[in-house]
Amino acid sequence: MISFIVLLGPPGAGKGTQAKLISDKLGVPHISTGDILREAVRNDSPLGRQAKAIMDRGELVPDQLLVDIIVERLSRADCANGFLLDGYPRNISQSQTLEKVCAEHAIWDKVRALEITVPDEEIVDRLKNRRSCPSCGAVYNVVSNPPKRAETCDSCSAKLQLRDDDREETVRQRLNVYHERTEPVVGYFAERDKHIVVKGEGSPEDIFAAIMEKLR
Ligand SMILES: [Zn+2]
């Protein structure tokens, strides 16, 4: 069973749901760069302080800081039997760094990139039906997972919002950025015979079953 996984997929592909299912099933940590950054900031670690200062200035966290954070995270004991990397690598240079770190830990042979693909039109359709709770962060879908009362959060009764991020023109923009950025990374893994593709269509259970089949 493949358990060293780099998860790739466009926004709205259901990556978060699958990441949780995979990491529970395989018993490997789900390593999301976004979560690590937020955790580092919360814990006020040296890296966290650096990251916070940069984000407070409204700037993007630079490559090198992200690399430091990932290298530190992958070196922890809970990654010895596998990991699920989410949000990294985002370019060729980060892919090379990942290869180097994994080679140092003698696990590069086992690493695979798992790409969940969904047609752009389908993503646009899904995200425009998504509603988020501004108060507790719960996420709904007016078609596939509607709240009990229209436009109202089940847990905290706040009025649900269509996030700016989920508006059609923003989604198309995000998809363009995603394709531009991810295709080279996909190529990097494909050239090394490390690319696995699963179609992100159907129920979450169906997609998960297809993923497990491919990881065998
Ligand atoms: Zn809520």
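**The zinc site and its surroundings**

Because the four donor atoms around the zinc ion subtend angles of 98 to 120 degrees, their arrangement is tetrahedral, a label given to four donors if all angles lie between 85 and 135 degrees. The model is a predicted one, in which local features need pLDDT of at least 70 and side-chain atom pairs count only at pLDDT 80 or more, while totals for chains, interfaces and linings use all residues. Residues are numbered from 1 along each chain as its sequence is written, and side-chain values use heavy atoms, with hydrogens and water left out.

The protein donors of the zinc ion are the SG atoms of Cys133, Cys136, Cys153 and Cys156, lying 2.2 to 2.3 Å from the ion; donors are N, O and S atoms within 2.8 Å of the metal (3.2 Å for Na, K and Ca), and sites may look incomplete since water is not among the atoms. Along the chain, these donors follow the spacing C-x2-C-x16-C-x2-C. Cys136 lies in the loop between β5 (130-132) and β6 (139-141) and Cys156 in the loop between β6 and α7 (168-191), so this pair ties together parts that are 20 residues apart in sequence. Helices (H or I, at least four residues) and strands (E, at least two) are DSSP runs, numbered from the N terminus. Cys136 is partly exposed, with a relative accessible area of 41%, and Cys156 is partly exposed as well, with a value of 31%; here buried means under 20% relative accessible area, exposed over 50%, and partly exposed in between, with a 1.4 Å probe and protein chains only.

The loop between β6 and α7 also holds Ser157, whose phi is near 65 degrees, a positive value in a residue other than glycine. Ser157 is partly exposed, with a relative accessible area of 47%.

Strand β1 (residues 4-8) is mostly covered, since five of its five residues are buried. Phe4, Val6 and Leu8 point one way from β1, whereas Ile5 and Leu7 point the other way, and all are buried. Strands count as paired if DSSP finds at least two bridges between them. Four bridges join β1 to strand β3 (residues 83-86), and the two run parallel, with Phe4 standing opposite Phe83 in β3. Five bridges join β1 to strand β4 (residues 111-117), also in a parallel run, and there Val6 stands opposite Ala113.

At 18% relative accessibility, Lys15 counts as buried. Leaving aside its neighbours within four places in sequence, Lys15 is in contact (heavy atoms within 4.5 Å) with Leu7, Leu8, Gly9, Asp86 and Ile116. Its side chain is joined to that of Asp86 by a polar contact of 3.1 Å, a term for a pair of N or O atoms within 3.5 Å of which, within protein, one must be able to donate a hydrogen and the other to accept it, residues adjacent in sequence counting only if both atoms are side-chain atoms.

Helix α2 (residues 33-43) has Thr33, Ile36, Leu37 and Ala40 as its buried residues. Seen down the axis of α2, these fall within an arc of 100 degrees, so they line one face of the helix; the arc is that of the directions from the helix axis to the C-beta atoms. The buried residues of α2 pack against β2 (30-32), α3 (46-56), α4 (63-74) and β3, while Arg38 and Arg42, on the other side of the helix, are exposed. At the start of α2, a side-chain oxygen of Ser32 reaches to within 3.1 Å of the backbone nitrogen of Asp35, and just after the helix Asp44 takes a positive phi of about 60 degrees.

Backbone details of the loops complete the tour. A cis peptide bond, with omega about 0 degrees, joins Tyr88 and Pro89, and Pro89 lies in the loop between β3 and α5 (92-104). Asp193, in the loop between α7 and β7 (195-199), has a positive phi of about 55 degrees although it is not a glycine, and at 68% relative accessibility Asp193 counts as exposed.

Terms used. Four donors count as tetrahedral if all angles lie between 85 and 135 degrees; four count as square planar and six as octahedral if opposite donors are over 155 degrees apart and all others between 65 and 115; anything else is irregular.
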